[in-house]
Amino acid sequence: MRGARILVEALRCEGVEHIFGYPGGAVLHVYDEINRHEDRIKHYLVRHEQGALFAAAGYAQATGKTGVALVTSGPGGTNAVTGIANAFMDSIPVVVFTGQVPTHLIGNDAFQEADLTGITRSCTKHNYLVKHVEELAPTIKEAFYVASSGRPGPVLIDMPKDMTAQEAEFRYPETINMRSYKPTLQGHPGQVRRAVELMLRARRPVLYVGGGAIAAGAHEEVRRLAEKLNLPTTCTLMGLGTFPASHPLSLGMLGMHGGYWTNMAVDNSDLLISIGARFDDRVTGKLDQFARGAQIIHVDIDPSCISKNVKADVPVVGDARVVVQQMLAEVERQLDAGERIADRTAWFEQIQEWKRQHPFFCHDEGEVIKPQRVIEELHRLTGGRAIVSADVGQHQMWTAQLYGFENPRQWLNSGGLGAMGYGFPAAMGAAVARPGEQVVAVVGDGGFQMSFNELATIVEYDIPVKILIINNGYLGMVRQWQEQFYARNYSHSNIQVAPDFVKLAEAYGVRALRATQASEVSRVLAEGLEARGPVLMEMQVNREENVFPIVPAGAALKEMILG
Amino acid sequence: MRHTISLLVEDEYGMLPRIAGLFSARGYSIDTLCVGPTLEEGISRMTLTTHGNDKIIEQIIKQLRKLVKVIKVTDLTERAHVEREMVMLTVNAEMGAHRQEVFNLVEIFRAKIVDVSPDSFIVEMTGNAEKVQAFIELLKPIGIREMVRTGTVAMTRVAATRQQPKGNEETFSQLTLNEKV
Ligand SMILES: Cc1ncc(C[n+]2csc(CCOP(=O)(O)OP(=O)(O)O)c2C)c(N)n1
Ligand SMILES: [Mg+2]
């Protein structure tokens, strides 16, 4: 069969049910097969390749399955790059198929030629250029394996057009064995033992959980570890939902916009246990001031993350779930051997005291809509169970702080790359992946204008995404920095010139609602969330609201500004 | 500190830019780089020298190991190993004193004259980086017209490969370095 058909058959073998894509000359053989086999692999035609990658990412983040995107050569591939970089930064398993000019034209500056393997080398986990049609099936097998194993990430397969036209026998490899790629899953037993010794003895421990714990499916184990050892637990922006927000041991999110009590707990801890987190600069603030009194246990499947920013005292390379299971077993052993868990009453009292001193706050001002209240109301009306996908900006941080995520894969956002335009298409991917569940895209007026082309997509396929625009007429996060760090010089952050979002949605055939007063928020949200199919809800919020606390860039955690 | 790192990689399309790109993207520098085949078909050896503090070197090694098609990364610096570079030099060698001086240096450094003309020689020399540099410095006063120098290639000494790792408790770097993602 021809290469294009091999691709479709290979996707079936991988259990792929949905792909997001956009056609063009170099992938027309593939598209010629795609709509003949749509009974088993459904293709969603996005309206921009970036949307295909964000949708594939949202699909993967909401399920743990590998997302798949298909785009054409040249501009198709370059349009996808932001989405690929996003998947790379947030370790999202995605396989991207790009078209390429025919083999004999490569290097010729041919029409719609771009060196896509070259361009994406530094933002993929790995990429391939298919040079013989016989290699196509084994390459796809390897790509799915690499994307989804170890530290997950995007893998790109560049397919010259002739590779999809030429014929070969279809044989899909059953197993895979790469001498150059063998992720370590099991933690070193000696390190696990040392880690548990420290965890038992610590008087002021903090468990610090990141997106890696979600990728590994370690949430149950993490909760058991926290409960067993009585560990206050904080999640990173990427890790929210790994540990239930309502749990008595939950400290919420740490870092630049983390809670005061959370950052103070980290700053004053004597032991920081990191599971699948990478000590990002948005988490640590000024490095040499970070958790200076703490010993560091760092569990990560990627050795290069360990001691990259903060030197680990007990490094453990391995899969978060496997390692935490090992830890739980070791805890039992040590408790049986007569070890005791140190008394932490004073530590919990101290944390409570910090929380009493400076909780998250929001000063209501009559009928002005406060964005924080919108998020709280969203939580209430969805019972805290919606899948929420945020764009990038202030609204993202309020959602992270206030929605209260109880489950992993419930919170989607672009954490590492911080790519505006992510929120809405990612929600679309999540809604495709988890039909029947409430999916809400919380977006800013700026970011939505980078992605609203996908309104046509959700209408075409009746994807029931609820879009909640936090409209402040500003690139709010930029404005906040300008207010706080640039003497209120609001240079190019005012975006009041914008479409009427309600009319815009209606132009696409999407139902739309708007609230301009605080008293309308509940009704609009309730009506929008209950309606069938896609709905857009616009909240015209207080224009100059700020996100607090905020750790200024480059400052230490404890230097956060409280508001 | 200068480090010599030896890599075994799959002999695949685009390996060199993957390695080079890793260094440039993360702001590390490659001082020298040599690539060649190994006895096993499909596997290439790259030997590179770089410099940086311990933290940087640790990151370089970990990041190299993380590349999906890199099979093995060895930092030879701390093991007993042999390093060689080769240099070819066109040097002034007019009839008379200079010609004899070049002969003497060639003899002392166990170099080789591989091409002769009435007023110059092409000299070939191999040795470790310091020896090569010393040779070059001594020839400079006589006059070097052109120089071509390879990067370093290196090999672990046989005795060293038989040594057992010291102690039972693995060191931190072994623990986090001996793994791939
Ligand atoms: C593609 C991209 N360009 C620029 C930025 C920088 N940036 C970060 S937040 C932000 C403002 C976002 O404005 P809006 O979408 O209205 O959200 P708000 O902060 O007002 O809630 C900008 C411009 C970015 N993150 N991504
Ligand atoms: Mg805004």
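Hi everyone, let's start with one residue: B:Ser120 is buried, because its relative accessible area is 9%, under the 20% cut-off. Before going on, please keep in mind that this is a predicted model.

So where does that serine sit? B:Ser120 belongs to strand β7 of chain B, which covers residues 120-127. Its side chain makes a polar contact of 2.8 Å with the side chain of B:Ser117. If we set aside neighbours within four places in sequence, B:Ser120 also touches B:Thr90, B:Val91, B:Asn92, B:Ala93, B:Arg99, B:Asp115 and B:Arg145.

Now let's zoom out to the whole chain.

What do the two domains of chain B bury between them? About 480 Å², with 54% of that on carbon and sulfur atoms. In terms of residues, 6 from domain 1 of chain B are in contact with 6 from domain 2 of chain B.

How many salt bridges are there between domain 1 and domain 2 of chain B? The count is 1. B:Arg2 and B:Glu83 form a salt bridge, with their closest N and O atoms 3.3 Å apart. Between the two domains of chain B there are also 4 residue pairs in polar contact, both residues at pLDDT 80 or more.

On the domain 1 side of that contact in chain B, the elements giving two or more residues are β1 (2-10), β2 (30-37) and β3 (43-51). The residues on that side divide into 1 nonpolar, 4 polar and 1 charged.

Notes:
Residues numbered from 1 in each chain as written. Chains lettered and ligands numbered in written order. Predicted model: local features only at pLDDT ≥ 70, side-chain atom pairs only at ≥ 80, totals over all residues. Heavy atoms only, no water. Contact = heavy atoms within 4.5 Å. Buried area = accessible area lost by both parts, 1.4 Å probe. Salt bridge = Lys/Arg side-chain N within 4 Å of Asp/Glu carboxyl O. Polar contact = N/O pair within 3.5 Å; in protein donor to acceptor, adjacent residues only side chain to side chain. Helix = DSSP H or I, 4+ residues; strand = E, 2+ residues; numbered from the N terminus. Nonpolar A, V, L, I, M, F, W, Y, C, P; charged D, E, K, R; others polar. Buried < 20%, exposed > 50% of the residue type's maximum accessible area, 1.4 Å probe, protein only.
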